[in-house]
Amino acid sequence: MSSIYLDHAASSWPKPPEVVQAMVACMEQYAANPGRGSHEMAVKASRTLFEGRKQLAKLFRVKNPNDISYALNTTMALNLAIKGFLKEGDHVICTAVEHNSVRRPLEYMKQSRHVQVTYVKTDRHGHLRMEDVIAAIQPNTRLIVCSHSSNLLGSILPVADIGELCRQRGITLLVDAAQTAGTVDIDVNGMGIHMLAFPGHKGLLGPQGTGGLYVHPDIELEPLLHGGTGSQSEAVEQPSVRPDRFEGGTQNTPGIAGLVEGVKWIQRETVDRIYRHEWELTQQLMTDLLEIEGVQLLGPELGQAKTGIVSFTVSQTDSSEIAFILDQSFGIAVRAGYHCSPLAHETAGTMERGAVRASVGCYTTKTEIEQLAAAVREIAKHMKQ
């Protein structure tokens with residue numbers, strides 16, 4: 001096992017002790033089906049799920065907790081939003097830094113329902129110009145999909161400005177918060193977000209297999225799943241009431257119990273403090289890497305707003321080789337390759353060999369950053385010989 005973990009953009013680790021304790025307590029004490037019985041264990045499981053909605057609603061400033069539905073991950077939430085909202089002939093705008101969790105559902109809708117898709121380019125650092133978004137709007141534009149932050153570049157896109165544009169033009173805004181939930185402040189009403197897809201296992205510090213989708217009360221979606229909900233069981237169709245409409249099948253109660261504690265931990269620490277901690281570490285790492293000959297950084301430049309992601313290349317060396325050496329020779333876990341985001345690599349000009357991505361978390365230390373920089377310095381020196 002690597003002694004230094006810098007792959008938080010994929011999954012945060014370690015988790016706060018409270019998260020693990022809550023999951024174990026659930027498994028040992030009340031791991032019954034929520035909403036499927038009136039006995040004490042089932043009721044406690046149901047209360048855990050609602051407590052999770054309440055905590056998430058507080059974090060994202062959602063008025064009604066029942067407008068938040070659980071999902072296994074951001075990918076599932078995005079599929080629910082995209083496939084459940086778009087109709088044949090609709091036009092969608094998204095950006096050129098989107099993850100495959102957005103691109104692939106959109107391309108599927110393009111082929112199966114003749115939905116039109118426009119990809120708005122950013123600059124190579126991942127910065128988006130609002131005039132380019134405005135120019136892409138068509139009479140049938142019904143949805144704008146936007147990553148809050150690129151999972152490759154770390155750039156933070158102007159979601160509030162896009163939200164205001166959507167309000168003016170009567171367009172729905174779906175935001176992919178895979179890299180920002182828990183680490184960047186999100187106010188769904190203040191930012192004009194109609195749908196917010198988020199993971200539980202990254203910045204929210206919960207376990208894998210958790211996440212969700214906020215849907216504005218005025219938005220109607222076709223369910224992605226149809227099946228048992230524990231409510232309106234006599235009806236043939238999926239219930240119309242939220243969140244049951246979007247939550248067919250048994251929910252991950254132990255995982256959500258852990259997620260509740262992760263969100264509570266964030267609220268105690270505050271999102272602003274977590275963001276500042278991660279930003280300062282990325283600035284230190286960028287400063288150190290810029291001093292190494294042959295290293296090229298991707299994304300926003302020093303001093304600019306970004307999430308805790310630093311992606312880079314080393315000379316002409318394949319990124320996977322760099323990551324392998326970091327892991328095997330230095331005990332440092334990073335990610336390499338295309339990060340399920342080929343659009344962003346096309347934008348950055350790194351499709352040929354991918355990039356190494358180091359991503360920090362709330363537990364990352366300055367010493368760990370220094371050790372990564374020292375390791376990259378040694379690798380770059382060796383590659384030059």
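**Aromatic rings**

Guide: Trp 13 is partly exposed, its relative accessible area being 43% (buried means under 20%, exposed over 50% and partly exposed in between, with a 1.4 Å probe and protein chains only). The model is predicted, so local features need pLDDT of at least 70 and side-chain atom pairs count only at pLDDT 80 or more, while totals for chains, interfaces and linings use all residues. Residues are numbered from 1 along each chain as its sequence is written, and side-chain values use heavy atoms, with hydrogens and water left out.

Rings of Phe, Tyr and Trp (its six-membered ring) pair if their centres lie within 6.5 Å; planes under 30 degrees apart count as stacked, over 60 as edge-to-face and the rest as tilted. By this rule there are three aromatic pairs. One of them joins Tyr 5 and Trp 13: the ring centres are 5.6 Å apart and the planes stand at 65 degrees, so this pair is edge-to-face. Between Trp 265 and Tyr 363 the centres are 5.7 Å apart and the planes at 55 degrees, so that pair is tilted. The latter pair links distant parts of the chain, 98 residues apart: Trp 265 belongs to helix H7 (residues 253-269), and Tyr 363 to the loop between strand E13 (355-359) and helix H11 (366-384). Helices (H or I, at least four residues) and strands (E, at least two) are DSSP runs, numbered from the N terminus. Trp 265 is buried, at 12% relative accessible area, whereas Tyr 363 is partly exposed, at 32%.
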